[in-house]
Amino acid sequence: MDAELFVKDLVVRARAAQKLFENSNQEQVDAACRAIAKAIFDNAEPLARMAVDETRMGVYEDKIKKNQGKARVIWNDLKGKKSVGIIDRLPEQGLVLVAKPMGVVGAVTPTTNPIVTPMCNAMFALKGRNAIIICPHPRSKKCSGEAVRLMKAALEPLGVPQDIIQIIDEPTVELSGQVMKQCDVCISTGGMGMVRAAYASGKPAFGVGAGNVQCMIDEDADLEKAIPMIIEGRRFDNGIICSGEQTAIMPRSIYAKAVEIFKKNGCLYIDKPEDVQKLREVVFPNGTIDKNIVGQSAKFVADRCGFAHGDDLKVILVKADTYGRDDLLSKEKMCPVIATYDFLETWEDCIACANANLEVEGKGHSVCIHSNTPEHVEAAAQVLPVSRFLVNQICSTNNGGSFFNSLSATTTLGCGSWGNNSISENLSWKHLFNVSRIAYVRPGSTMPSDEEIWG
């Protein structure tokens, strides 16, 4: 198969569909976005089953929640918002803003989120009256394909051209590369290799950075409330969410109490040096994460290490020797394992620990903070090189936008220049249309004198 010609045919069909869909009004565009979300919401259970069976990672029940939750929150975030024609008038500035489509979106989607990422990208693309070609991960091509089939079926009664959403049934790196080269704008929500390929495609691109969320617990945090949230964030979908809490960084003054609450809530605490080393070797053989434990349960990891555990085990809490580059446990662990530190004295020490770990991996992504002292939150935010600081929430399920914060609802989290990304915010529907600006003479405008300018 000639990859270039194969993709060229997809793009030609996408452009034809996009030209037709471009004539849609705002109500028709929103109806199409709603139909996509509702198709995934209504089929959350079978799609979750397919995803777990095909990818062999994650948790069926959590994937149902994810399919339903993302469908709800993304639709709620974009419904009724203007993305067609004149979208804003700013009379005091003499500006009128006009939205116009970008054309064809090429979207690389990951095996960790094989249902909601295609859904999210399709909703954002259609909100801007674009077409989209989805390049799924080979390990999740069947469930992603089924998600696209359901979305297309939901659009058919609305008269939306079927080629407005297409998917590569047998994905390869070469085909994904060709899609990125031939489309008008790229979204790459996958491994860093595909993100770099998107930015090297010569087209405008949105990518993601590596996750390694540092979770900080302040002395004044309500530990009985915060720690179950941290555990749930790390346990959710067996730890494959890039926004999942990776560490528990806290001052020594609350460490012993916190560990007891972790244990009480379903954690196995590992602190003997030989056991800590065994966990390192199992999770990071030869210094890199073992792909066979990615997305597997805490029980699976414990069994691999030979640790005794109860049936209610949710997360493994391990006492690291140090932080930063001198300990592999500073890295992202895509399974229910949390690293913690018993030697930090002050909040400043906690910030230094988080910073050192982010220098190993995860710069640009996110930090989770449990604190009731805004000065401490803002002190961390002024130092740590990440795009999001989520406060007193479950990071893995709220960092991509929720009904309880004002982050844009998405499945693609920009990591700024730290993560080699073009944006340092959550990708949203607002990023997938062009805006023309009509500039009238600003009312009441005058030219200032040199004294006013330079004085």
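Modeller: A polar contact is a pair of N or O atoms within 3.5 Å; within protein, one must be able to donate a hydrogen and the other to accept it. Please keep in mind that this is a predicted model.

Biologist: What does the side chain of T55 reach?

Modeller: The side chain of T55 reaches the backbone oxygen of A51, at 2.6 Å. T55 itself is found in helix α3, residues 44-55.

Biologist: Is T55 buried or exposed?

Modeller: T55 counts as buried, because its relative accessibility is 0% and buried means under 20%.

Biologist: And which residues does T55 touch, beyond those up to four places away in sequence?

Modeller: T55 touches T111, P114, R139 and S140.

Biologist: Let us change topic. How many cavities of 30 Å³ or more does the structure hold?

Modeller: The structure holds 1 cavity of that kind. The largest cavity has a volume of about 50 Å³.

Biologist: Which residues line the largest cavity?

Modeller: The lining consists of A51, K63, K66, N67, T112, N113, P114, I115 and V116. A51 is the residue whose backbone oxygen is reached by the side chain of T55, and P114 is among the residues that T55 touches.

Biologist: Which element gives the largest share of that lining?

Modeller: Helix α4, residues 60-78, gives the largest share, with 3 residues.

Biologist: Now D237. Where is its place in the chain?

Modeller: D237 is in the loop between α9 (223-235) and β9 (247-248). D237 is buried, with a relative accessible area of 0%.

Biologist: What is D237 in contact with, leaving aside its neighbours within four places in sequence?

Modeller: D237 is in contact with G58, V59, D62, K63, K66 and T112. K63, K66 and T112 are also among the residues that line the largest cavity.

Biologist: Which backbone atom lies 2.7 Å from a polar atom of the D237 side chain?

Modeller: That atom is the backbone nitrogen of V59.

Biologist: On to the sheets. What is the order of the open sheet of 5 strands?

Modeller: The order is β5-β4-β3-β6-β7, with parallel pairing. β5 (165-167) and β7 (205-207) stand at the edges with a single partner strand each, so one side of each has no neighbour in the sheet. On average, neighbouring strands of this sheet are turned by 15° against each other, direction ignored.

Biologist: Which helix packs on the sheet and touches β3, β4, β5 and β6?

Modeller: Helix α5, residues 116-127, does so, and its direction makes about 160° with that of β4. Helix α6, residues 141-155, lies across β4 and β5, running at about 160° to β5.

Biologist: Why is β4 described as largely enclosed by the rest of the structure?

Modeller: The description holds because 5 of the 5 residues of β4, residues 131-135, are buried. A131, I133 and C135 point one way from the strand, while I132 and I134 point the other way.

Biologist: How many bridges join β3 to β4?

Modeller: There are 5 bridges between β3, residues 104-108, and β4, and the two strands run parallel. In one of these pairs, G106 has I133 as its bridge partner. Elsewhere in the sheet, 3 bridges join β6 (185-188) to β7, with S188 opposite G207.

Biologist: What about the open sheet of 4 strands: what is its order?

Modeller: The order is β9-β12-β11-β10, with parallel pairing. Here β9 and β10 (267-270) stand at the edges, each with a single partner strand, so one side of each is left without a neighbour in the sheet.

Biologist: Which way do the residues of β12 point?

Modeller: V337 and A339 point one way and I338 and T340 the other way, and all are buried.

Biologist: Finally, which helix lies across β9, β10, β11 and β12?

Modeller: Helix α10, residues 255-264, lies across these strands, running at about 135° to β10. Helix α11, residues 273-283, packs on the sheet too, touching β10, β11 and β12, and its direction makes about 120° with that of β11.

How values were computed:
Residues are numbered from 1 along each chain as its sequence is written. This is a predicted model: local features need pLDDT of at least 70, side-chain atom pairs count only at pLDDT 80 or more; totals for chains, interfaces and linings use all residues. Side-chain values use heavy atoms; hydrogens and water are left out. Buried means under 20% relative accessible area, exposed over 50%, partly exposed in between (1.4 Å probe, protein chains only). Contact means heavy atoms within 4.5 Å. Two strands pair if DSSP finds at least two bridges between them. Axes are lines fitted to C-alpha atoms, for helices over the stretch in contact, and angles run from 0 to 180 degrees between N-to-C directions. On a 1 Å grid over the protein atoms alone, a cavity is a set of points where a 1.4 Å probe fits but cannot get out, and a pocket is an open set with protein on both sides within 12 Å along at least five of seven lines; lining residues have an atom within 4 Å of a point. Grid points are joined across faces, edges and corners, and a volume is the space filled by probe spheres set on the points.
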